[in-house]
Amino acid sequence: MAEFRNLQLTSELAQSLGISDQICEDALNKSYVLGKKILSTSSAKQDHLNKLKEQSADPKAFSQKYLEVKSKSSDILGSYVELLSCISDDKRVKKMLKLCQQEEVVANGNGQQVISVSTEGLSQVKNKLKAITKEFERPSHENQFSNESHGVLKRTNGTIVELPSFPEWFQTHPYMTNDFSCDSDKGGSPLTLVKVPVPSQEQAIVADLINCLSGVDGQHIVAVPLEDPYARREFRFAVGMDKSLKELAIKVLELASLYSTVVRFVEQKTEFHFGRVNNSLAAAMDEYIIDYLAFVAQNESQLHSGNFGIQKLVFNCESMTQLFRILAHTSQTVNNNDARGGRVLTLLHQITLSMAGDKSARDICFNLTQKASKRYLESLDEWLLKGVINDPFDEFMVEDNQVETEGELSTENCDGYWEKRYTIRKDRVPLFIADFAEKILRTGKYLNVMQQCGKRIYSPQKSRTEYTLHGGKCEEVIEEAYQFSSKMLLELLLHDYDLIGRLKWMKKFFLLEQGDFVSRCMDLCDETLRKPVMDLEPTRLDFLFGLVLRTSNVDTLYLEDLHTTLITCSLPDQIRKIVYVSNTDNSFQSDELEDKELTGYESFAFSADVKWPLSLVINSHDHSRYQMIFRHLFFIKYVERSLCQVWNSNKVARRFSPRESPLYRPAFSLRQRMLNFVRDLEYYMTSEVIEPNWHIFMEKMKKVSSVDDVLTYHTDFIDQCQRECMLMVLELLQPLRELLDCIMDFCKFILHVRNYFVEAELELTESFDASECTELRGEESEESWTSFSGEVEKHSKKFHSLLFQFLDLVGSLERDTAHARLLLRMDFNSFYSTQRKGLRNVSELSTTG
């Protein structure tokens, strides 16, 4: 090896002296012959050193430099001493060197020496300075693959987490890499092989190839600087290399390039901020690298033992090249997708499945995936068996959004806990457990709920998740954990927190099962609830409500959780908001709301304080739907109560004369029709909608096996009640509310007329005797009864018009829906269908007559 380096040095020296390569080569050969004679003894070597020391300008500096070179154990130091000694004895060579120095150095006026550089030389110097500047601007070898901070990690929810980091010396020592060092990235030039015999070239190239296989530049083969951290490693060959040797070297260097790719991936993914999955994958690949380095050492041992050529090296590298192709492909796939966490496992699983036709390749990929998934599956086991997320590097499939959960959770904040706190990140769900993602999420949620309730649950499950090609092992573990957590939470809700009793309590008050309580509430609060909602005092309403609770025979269980509230938005507007907000077009406009002043009866509702964990089942959404059903039923009860008050006020007709009483009969008939309609509507909602659906709901609850089933059945019950009570069908609800308002207008009219007649009769009785009262009332009766009959007829027309319109809308619905039962009850025996024409004819005759 020394003779090749000497040949290069003498060639460069000859070029600087203007001597041909042939003359310089002859002189070198002579110097070798002379040197062998002179350096046959150690004293001869010392003589040359003393001679050079005497001829040097600074003997002390020369001695220090010689000792420095000698300490590096340079194997060609003796040849350099020989060459320098020969040059110092040759006057002709010394003269030529002085001439060359005079041509390149010019003395200036101050006696300083300035190197003369041409315009072309200045351009070359400029390019070199740019290259050096660019090299300094490039990140160092250990940092050029990372675009993240090593000390912190920003999670998806915005929180910043401090990460452990490697010692500073790990980043400041560039030669601690197993890849080609920073010096390789500066673009060194290989030594020339011009006029070197092929056998000598082969030995030199084989030695260089073994160096390159271990990530070290050779003398005649050096690595090309990388422009991209994930680029394929290329190599530069020496000038004069034999073509056949070069082709064989390229085959070996493919393995060196693959090794460089894998080593860069391993050293990069070992850093903490890439996550535990990438760390585990890098550790698994590092095991193959250890075997690979042992393979390189074996080849180097064969080289030193002799009889080891480049063809044998190519043959030895074939099997290792196949392995590193798989490793390099895996690393490039992960890098190109910038994957972390579950996404890495998905890519590894896909690569493993794609290797189904090659058993050895599939085994390698399976081994990588299994080892890379170990820490991830440990986090999965903690979530499945403890309800705890152990995710220090933000790579797990379940994300904790940190919703505030201090204190007791109620219906206002349980939705955020149950639906928003724990969510699935689909991009980090491994493919082999993607089908079980929702079940995994619910399993951990159940355990977490029990922890929030102060229950310490220890799962007896001993099996753990394990990576398999088709997810069979994971499926068994997930299903077992799900069944256990679901059963435990269901028992907690049913037995410890009396879920069924709480649901019956909600039905009793919000669905008006406690009828006497509602009647008592209307009796005591009637005067207050008749006022506009803006004039009501919530404190007085609470006082009256408390009085109702103390004076009624209602069950005292959970009464401390029941409160009154006033909703300033009308029921159709409240439902309209829900319907339009749920639509994707978001076409709801504020000007669509009704501009109507509500009374207390229209705004009154109950509110319930449902504590955690029952608030998971009776959440805020379901609570608001209970309130809407209550408002609907309560207003219908109020309309029925008003009609009953009209019936009581009709007793004033007993005082009318026989001639006046028949004129009051249309009002009696209209009031009775209205009362029948309201009672049929109330009976339909309570007895044909709520009670049957409640019975179905309770039968399902007897067979329930998980909390999710409870949530589903309860939601279905509320949905069914809302839909069949026409609360979610705006085409029916709006006409129904207009019909009820029409009835209320009639009640107000009758009560006003009743008060008018009573007051008039009292005035007449106080002023005149009985005979005079009869005469005066007779004089005013014609005008009063004509006006009264006209108003009754107007109310009758409006009521029947709205009723026919409502029945037509109900009849337009599908016959297999629950609304068919409503039509059957309203139009029993087809009464209105057959009488509609007659009613219209009577109305027309009364109008024209």
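Modeller: Buried means under 20% relative accessible area. Please keep in mind that this is a predicted model.

Biologist: Which residues of α18 are buried?
Modeller: In α18 the buried residues are Ala437, Ile440, Leu441, Thr443, Gly444, Lys445, Tyr446, Leu447, Asn448, Val449 and Met450.

Biologist: What span should α18 have, and how far apart are its end C-alpha atoms?
Modeller: Helix α18 covers residues 437-452, and its 16 residues at 1.5 Å a residue should span 22 Å. Its end C-alpha atoms are 23 Å apart, which agrees.

Biologist: Which residue with a positive phi follows α27?
Modeller: Methionine 726 follows α27, and its phi is positive, near 70 degrees.

Biologist: Let us turn to packing. At what angle do α10 and α11 pack?
Modeller: The angle between α10 (residues 198-213) and α11 (residues 243-269) is about 10 degrees, and their axes are 9 Å apart. Angles under 35 degrees count as roughly parallel, and α10 and α11 are therefore roughly parallel to each other.

Biologist: Which residues meet there?
Modeller: From α10, Val198, Gln201, Glu202, Ile205, Leu209, Cys212 and Leu213 meet Leu245, Ala249, Val252, Leu253, Leu255, Ala256 and Tyr259 of α11. The residues of this contact divide into twelve nonpolar, one polar and one charged.

Biologist: Now aspartate 179: buried or exposed?
Modeller: Aspartate 179 counts as buried because its relative accessibility is 2%. The residue lies in the loop between α8 (168-172) and α9 (182-185).

Biologist: What does the side chain of aspartate 179 make a polar contact with?
Modeller: The partner is the side chain of serine 260, at 2.8 Å.

Biologist: One more residue. Where is serine 331?
Modeller: Serine 331 is in helix α13, residues 310-336. With 0% relative accessibility, serine 331 counts as buried.

Biologist: Which backbone oxygen does the side chain of serine 331 reach?
Modeller: That of alanine 328, at 2.8 Å. Leaving aside residues up to four places away in sequence, serine 331 touches Thr261, Phe265 and Met285.

Definitions and conventions: Residues are numbered from 1 along each chain as its sequence is written. This is a predicted model: local features need pLDDT of at least 70, side-chain atom pairs count only at pLDDT 80 or more; totals for chains, interfaces and linings use all residues. Side-chain values use heavy atoms; hydrogens and water are left out. Axes are lines fitted to C-alpha atoms, for helices over the stretch in contact, and angles run from 0 to 180 degrees between N-to-C directions. Helices (H or I, at least four residues) and strands (E, at least two) are DSSP runs, numbered from the N terminus. Angles under 35 degrees count as roughly parallel, over 145 as roughly antiparallel, 65 to 115 as roughly perpendicular and the rest as oblique. Contact means heavy atoms within 4.5 Å. Ala, Val, Leu, Ile, Met, Phe, Trp, Tyr, Cys and Pro count as nonpolar, Asp, Glu, Lys and Arg as charged, and the others, Gly among them, as polar. The expected span of a helix is 1.5 Å times one less than its number of residues. Buried means under 20% relative accessible area, exposed over 50%, partly exposed in between (1.4 Å probe, protein chains only). A polar contact is a pair of N or O atoms within 3.5 Å; within protein, one must be able to donate a hydrogen and the other to accept it, and residues adjacent in sequence count only if both atoms are side-chain atoms.
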